[in-house]
Amino acid sequence: MKHLIGVLSAVLLLFASARSEAETVRCESTGGDYRSCSIDGRAGVRLTRQLSSQGCWQGDTWGYDLHRIWVDRGCRAEFSVGGSSSSSNKDNAVAAAVVLGLVGAAIIANKDRDRRRDDRYDDRYGYGNGDPRTTIRCESNGNRLSYCGLPYRGQVEVYRQISSSACVYARSWGVDRNRIWVSNGCRADFAVY
């Protein structure tokens with residue numbers, strides 16, 4: 001077990017150095033107002049540190065597209081924005097190998113535990129084992145904008161796409177307060193966690 005922890009630590013250090021070129025952007029909704037911050041979002045964005053006591057939920061109080069991060073209703077946070085476009089294919093290959101190594105190590109480490117794991121129902125949240133609390137079907141028929149209500153606040157993602165038209169976050173679907181919106185022919189079952 002000590003050997004496995006040492007290997008995982010080394011792998012994590014390699015992965016962190018391969019991803020060290022990510023930019024940190026601070027974006028803050030002060031006074032509860034909507035605010036956007038300019039970025040190059042082609043390589044993705046993730047929230048790394050919440051600064052506010054108000055909640056920051058992707059698709060609800062923060063989100064991003066190719067050119068901006070937006071925050072609303074008091075969400076203040078630091079975001080990791082992609083990496084440098086000068087990253088070489090070698091760096092990408094190292095990062096991919098690291099990820100595969102982590103997955104393999106996790107599978108080996110959890111093999112026995114998974115055999116014994118009971119699938120107890122998590123009473124605190126109403127779901128267990130990473131399953132969504134609920135799924136909601138929302139459809140853009142005739143490429144029209146449609147809204148579907150959310151029964152509660154939570155993380156929302158595409159669970160199963162039904163349409164041949166792509167369902168792309170912030171382009172053909174998103175979350176607006178307590179509802180999911182779809183457009184451009186996106187039809188899907190959405191998971192709410």
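A residue is called buried when its relative accessible area is under 20%, exposed when it is over 50%, and partly exposed in between, using a 1.4 Å probe and protein chains only. By this rule Trp-62 is buried, because its relative accessibility is 4%.

The structure is a predicted model, in which local features need pLDDT of at least 70 and side-chain atom pairs count only at pLDDT 80 or more, whereas totals for chains, interfaces and linings use all residues. Residues are numbered from 1 along each chain as its sequence is written, and side-chain values use heavy atoms, with hydrogens and water left out.

**Aromatic rings**

A pair of aromatic rings is described by the distance of the centres and the angle of the planes. Rings of Phe, Tyr and Trp (its six-membered ring) pair if their centres lie within 6.5 Å; planes under 30 degrees apart are stacked, those over 60 edge-to-face, and the rest tilted. The structure holds 4 such pairs. In one of them, Tyr-34 and Trp-70 are stacked, with 6.2 Å centre to centre and 20 degrees between the planes. This pair links distant parts of the chain, 36 residues apart: Tyr-34 is in the loop between strands E1 (23–28) and E2 (35–38), and Trp-70 is in strand E5. Strands (E, at least two residues) are DSSP runs, numbered from the N terminus, as are helices (H or I, at least four). Tyr-34 is partly exposed at 47% relative accessibility, while Trp-70 is buried at 13%.

Trp-62 and Phe-79 form a tilted pair, with 4.9 Å between centres and 50 degrees between planes. Trp-62 lies in strand E4 (residues 62–64) and Phe-79 in strand E6 (residues 76–81), so the pair ties together parts that are 17 residues apart in sequence. Phe-79 is buried, with a relative accessible area of 0%. Elsewhere, Tyr-169, Trp-173 and Phe-190 form one aromatic cluster.

**Disulfides**

A disulfide is a pair of cysteine sulfur atoms within 2.5 Å. A search of the whole structure finds 4 of them, and their pattern is 1-2, 3-4, 5-6, 7-8, with bonded cysteines counted along the chain. The table includes three of these links.

| Disulfide | S to S distance | Angle about the S-S bond |
|---|---|---|
| Cys-27 and Cys-37 | 2.1 Å | 95 degrees, right-handed |
| Cys-56 and Cys-75 | 2.1 Å | 115 degrees, right-handed |
| Cys-167 and Cys-186 | 2.1 Å | about 110 degrees, right-handed |

Cys-27 is buried at 0% relative accessibility, and Cys-37 is buried with 7% relative accessible area. Cys-56 is buried with 11%, and Cys-75 is buried at 0%. Cys-167 is buried at 13%, and Cys-186 is buried with 0%.

**The largest pocket**

A pocket is an open set of points on a 1 Å grid over the protein atoms alone, where a 1.4 Å probe fits, with protein on both sides within 12 Å along at least five of seven lines; lining residues have an atom within 4 Å of a point. The largest pocket has a volume of about 270 Å³, a volume being the space filled by probe spheres set on the points. Of its 16 lining residues, the closest to the centre are Arg-68, Trp-70, Tyr-169, Val-175 and Trp-181. Strands E5 (68–71) and E10 (173–176) each supply at least two residues of this lining, and E10 gives the most, with 3 residues.
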